[in-house]
Every structure is written in C-alpha cells, then in structure tokens.
Amino acid sequence: MDTNNKQRNLDLRYLRMARIWAENSYCKRRQVGALVVKDKMIISDGFNGTPSGFENECEDDTNMTKPYVLHAEANAITKLARSSNNSDGSTLYVTAAPCIECSKLIIQAGIKRVVYAEKYRLEDGPDLLRRAGVEVIYLNPDEE
C-alpha cells in the first residue's frame with residue numbers, strides 16, 4: 001500500500017471517529033464533531049454545544065441556534081489550551097466544513113491540515129485556510 005493510500009485510509013478512519021464523537025452534541029439542528037491529531041495521536045476532541053456549565057440546549061424556542069453555542073473546532077482548540085499539548089503541525093478532522101471564525105482559530109493554533117466530510121454553502125472558511133497555507137481536504141466517508 002502506498003503512502004498516499006495509507007494516509008487516505010487514516011483520514012477516513014479519523015473522520016468516522018469524529019462522526020461518532022459528534023453524537024455527544026445536544027444540538028438538534030446539526031451535530032458536529034472534531035478531532036485534533038498529531039503524530040497519530042488524538043490530542044484533543046470537540047463537538048458543538050453550549051459553554052461548560054450552561055444548559056445543554058443549543059436551540060431556542062424558535063429552533064434557532066443560540067448565539068453562544070460553540071462550534072466543534074472551537075471546542076477542540078480551546079480544550080488544548082487547558083492541556084499540556086499543542087497543535088503545531090497537527091491535523092484537524094471535522095465532520096463539517098469550518099466556518100470563517102473557526103478557520104481563524106485553526107490558523108492561529110498552528111494546525112497545518114484540515115480534513116472535513118461535509119461541504120457548507122459558504123466556502124469562505126476553507127478558502128481562508130488555503131490562503132494561509134493550510135492543506136484543506138474534502139473527504140466524505142459516505143462516498144468511499
């Protein structure tokens with residue numbers, strides 16, 4: 001098996017794990033999961049949801065997402081700040097394309113690769129990442 005195929009299989013495996021992690025989210029509209037991997041080790045994880053200590057309800061009475069809900073990527077990156085790990089040169093696996101706000105965090109965290117499974121109507125997040133020299137890969141496990 002060549003190196004590219006081996007990496008692709010690893011990428012698909014981590015994306016499937018991120019999907020399972022997304023099941024921890026209490027959000028009804030959309031559940032998103034993220035893993036940060038460095039040297040073949042998961043160093044952080046996250047899913048979308050409210051900040052620690054808040055009620056576990058992401059949507060208001062009109063089914064709109066509350067403005068303080070954190071995205072999976074933001075949760076995974078901020079979780080690193082409370083650990084002894086750092087994300088320099090790591091890969092972020094996320095079940096949905098990162099938004100522009102999360103993309104800024106990804107760049108600042110030193111993450112060098114982003115692999116995502118679902119496209120979003122806006123491409124500004126992935127575009128910003130590419131502009132910053134981050135390798136961005138769309139890979140949907142359902143299409144494999």
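## Strand β4 and its neighbour

In β4, R113 is the bridge partner of T91. Four bridges join β3 to β4, and the two strands run parallel. Two strands pair if DSSP finds at least two bridges between them.

This is a predicted model: local features need pLDDT of at least 70, side-chain atom pairs count only at pLDDT 80 or more, and totals for chains, interfaces and linings use all residues. Residues are numbered from 1 along each chain as its sequence is written, and side-chain values use heavy atoms, with hydrogens and water left out.

Strand β4 covers residues 113-116. Both of its faces are covered. R113 and V115 are buried on one side, V114 and Y116 on the other. Buried means under 20% relative accessible area, exposed means over 50%, and partly exposed lies in between (1.4 Å probe, protein chains only).

## The sheet

Five strands form an open sheet in the order β2-β1-β3-β4-β5, with mixed pairing. Its edge strands are β2 (41-47) and β5 (135-138), each of which pairs on one side only. From one strand to the next, the twist averages 15°. Axes here are lines fitted to C-alpha atoms, for helices over the stretch in contact, and angles run from 0 to 180 degrees between N-to-C directions.

Strand β1 (residues 33-38) and strand β3 (residues 91-94) run antiparallel, joined by four bridges. A34 stands opposite V94 in β3.

## Overall build

The protein has four helices and five strands. From the N terminus on, the elements run α-β-β-α-β-α-β-α-β. The radius of gyration is 15 Å, close to the 15 Å that the globule rule gives for 144 residues, so the protein is as compact as a globular protein of that length. That radius is taken over C-alpha atoms, and the globule rule is 2.2 Å times the number of residues to the power 0.38.

Along its principal axes, the C-alpha trace spans about 50 × 35 × 25 Å. Of the 144 residues, 43% count as buried.

The largest pocket holds about 460 Å³ of space. It is lined by 18 residues, and the closest to its centre are R30, V32, N48, H71 and Y120. By class, this lining has eleven nonpolar, three polar and four charged residues. Ala, Val, Leu, Ile, Met, Phe, Trp, Tyr, Cys and Pro count as nonpolar, Asp, Glu, Lys and Arg as charged, and the others, Gly among them, as polar. The pocket search uses a 1 Å grid over the protein atoms alone: a pocket is an open set of points with protein on both sides within 12 Å along at least five of seven lines, whereas a cavity is a set where a 1.4 Å probe fits but cannot get out. Lining residues have an atom within 4 Å of a point. Grid points are joined across faces, edges and corners, and a volume is the space filled by probe spheres set on the points.

The second largest pocket has a volume of about 380 Å³. Of its 18 lining residues, T50, P51, S52, L70 and N75 are the closest to its centre. Here the lining has six nonpolar, nine polar and three charged residues. β2 and α2 (72-81) each supply at least two of the lining residues.

## Positive phi in two loops

Most residues other than glycine have a negative phi. K40 has a phi near 60°, a positive value in a residue other than glycine. K40 sits in the loop between β1 and β2. At 61% relative accessibility, K40 counts as exposed.

N63 is not a glycine either, yet its phi is positive, at about 70°. The loop between β2 and α2 holds N63. N63 counts as partly exposed, at 42% relative accessibility.

## Contacts and distances along the chain

S87 lies in the loop between α2 and β3. With a relative accessible area of 7%, S87 is buried. S87 and A109 are 22 residues apart in sequence and 6.0 Å apart in space, C-alpha to C-alpha.

W21 belongs to helix α1 (residues 3-22). W21 is partly exposed, with a relative accessible area of 30%. W21 and R113 are 92 residues apart along the chain, and their C-alpha atoms are separated by 19 Å.
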